Protein chains: 2
Amino acid sequence: MRPELLKGHLDVLLLAIISEGPAHGYAIIDELRHRSEEAFALPEGTVYPALHRLEEAGFVSSTTSRVDGRSRRTYALTGDGRQALAERRREWSTFKGAINAVLGEQP
Amino acid sequence: MRPELLKGHLDVLLLAIISEGPAHGYAIIDELRHRSEEAFALPEGTVYPALHRLEEAGFVSSTTSRVDGRSRRTYALTGDGRQALAERRREWSTFKGAINAVLGEQP
DNA sequence: CCTCATACCTAGTTAGTCTAGGTATTGTCC
DNA sequence: GGACAATACCTAGACTAACTAGGTATGAGG
C-alpha cells in the first residue's frame, strides 16, 4: 500500500489504540501491524515523531520508566485527547462516506 | 476536513469520474463537490496538476477544444487507466478495512 | 561473540495538496 | 458602460507529514 494514503490518518489510529489503555511506542507499532493484518507495518521513524506531535498538541502525556533494563516511554490519553479522538473518528466517517459516494460504492 | 486526508486518494476519485465518460477539469471539480456533498470542494490548483500527473503516467489522454469561446481540455481513460482504477479501488478497500479494524468499527 | 528482538531517537528527503497568483471569455446587474 | 461572477485553463512556491537511513542501548539465544 502506498505510504501517502496514510497521511493525516495516523493520528486517529494512535489515539484509538492509546484510548484503550496506556501503551508505549514499540507496542503500539506491533498492535497497529496486527490489527490491520500487516497493512500498517509502520517504521519507527513514522510512529515516534507522530507520538511526539500528539504530546506536543496535548492529546497524550508520557511517563518514562525502565523495564528489563530497557527505557520505555508510556503514553496515556488526556482529556483533550479524548475529545480529539471523537472528532477524528467523525472526520474518518465523513471522509470514508465521501470517497465511497464518489466511487459509487455502498457504505 | 483537513486537506492532508486526501493525500494519495485523489487519483482514484479522478479516475472513477473519468471512467464514466470523458470529462474536462472544471466539470470534474463540480462533480467531485456534488457527489461528496461538499466534502471535496477542491481548488483548481489541486485538481489540474493531478490530472497532468495522470496523463504523464498514461492513465488518461486529453484533447483540447473550444466551447462557447472558451478553451477546454477533455480527458478520457486509457487501457492502463482502467487497470490502474481497478487496482486503486482494491487499494482503497484494503485501506478502509485496515483503518476500520484498528478503530474497531464494523466494515 | 554475533545476531535478533526490544526500545528509544532524529536529520533530511520526498510527495502531494494548497495558496496565491496569472490569463481569457461570456453573461448579468446596476 | 463598468463591475463582477462564473466558466475554464495554468503554474511556482509553500507546507506538512510519512519515510529513509542512520544512530544509541539492553537482553536473550545459538
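Let's start with chain B, where strand 2 (residues 60-67) and strand 3 (residues 70-77) pair in the antiparallel sense over eight bridges. Please keep in mind as we go that this is a predicted model.

Strand 1 (residues 23-24) of chain B pairs with strand 3 in the antiparallel sense, over two bridges.

Now let's move over to chain A. How many helices and strands are there in chain A? There are four helices and three strands, and along the sequence they follow the pattern α-β-α-α-β-β-α. The C-alpha atoms of chain A fill a box of roughly 55 × 30 × 20 Å, taken along the principal axes.

The three strands of chain A form an open sheet in the order 1-3-2, with antiparallel pairing. Which strands are at the edges? Those are strand 1 (23-24) and strand 2 (60-67), each of which pairs on one side only. Strand 2 and strand 3 (residues 70-77) of chain A pair over eight bridges, in the antiparallel sense. One pair to look for is Arg66(A), which stands opposite Ser71(A) in strand 3. Lying across strands 2 and 3 of chain A is helix 3 (residues 44-56), which runs at about 125° to strand 2.

Next, a word on charges. Over all chains the count comes to 16 salt bridges. One of them joins Glu20(A) and Arg35(A), with the closest N and O atoms 2.5 Å apart. Glu20(A) is in the loop between helix 1 and strand 1 of chain A, while Arg35(A) is in helix 2, so this pair ties together parts that are 15 residues apart in sequence.

That leaves the place where the chains meet. Here 31 residues of chain A are in contact with 31 residues of chain B. The area buried between the two chains is about 3,200 Å², and carbon and sulfur atoms give 66% of it. Which residues in chain A lose the most area to chain B? They are Trp92(A), Val102(A) and Leu103(A), together 21% of what that side buries.

Between chain A and chain B the count is two salt bridges. Arg2(A) forms a salt bridge with Glu91(B), where the closest N and O atoms are 2.7 Å apart. Across the interface there are also 14 residue pairs in polar contact.

Finally, which elements of chain A give two or more residues to the side that touches chain B? Those are helix 1 (10-19), helix 2 (25-35) and helix 4 (79-103). Helix 4 gives the most, with twelve residues. By type, the residues on that side of chain A divide into 18 nonpolar, four polar and nine charged.

Technical notes. Residues numbered from 1 in each chain as written. Chains lettered and ligands numbered in written order. Predicted model: local features only at pLDDT ≥ 70, side-chain atom pairs only at ≥ 80, totals over all residues. Heavy atoms only, no water. Contact = heavy atoms within 4.5 Å. Buried area = accessible area lost by both parts, 1.4 Å probe. Salt bridge = Lys/Arg side-chain N within 4 Å of Asp/Glu carboxyl O. Polar contact = N/O pair within 3.5 Å; in protein donor to acceptor, adjacent residues only side chain to side chain. Nonpolar A, V, L, I, M, F, W, Y, C, P; charged D, E, K, R; others polar. Pairing = 2+ DSSP bridges. Axes fitted to C-alpha atoms, helices over the stretch in contact; angles between N-to-C directions.
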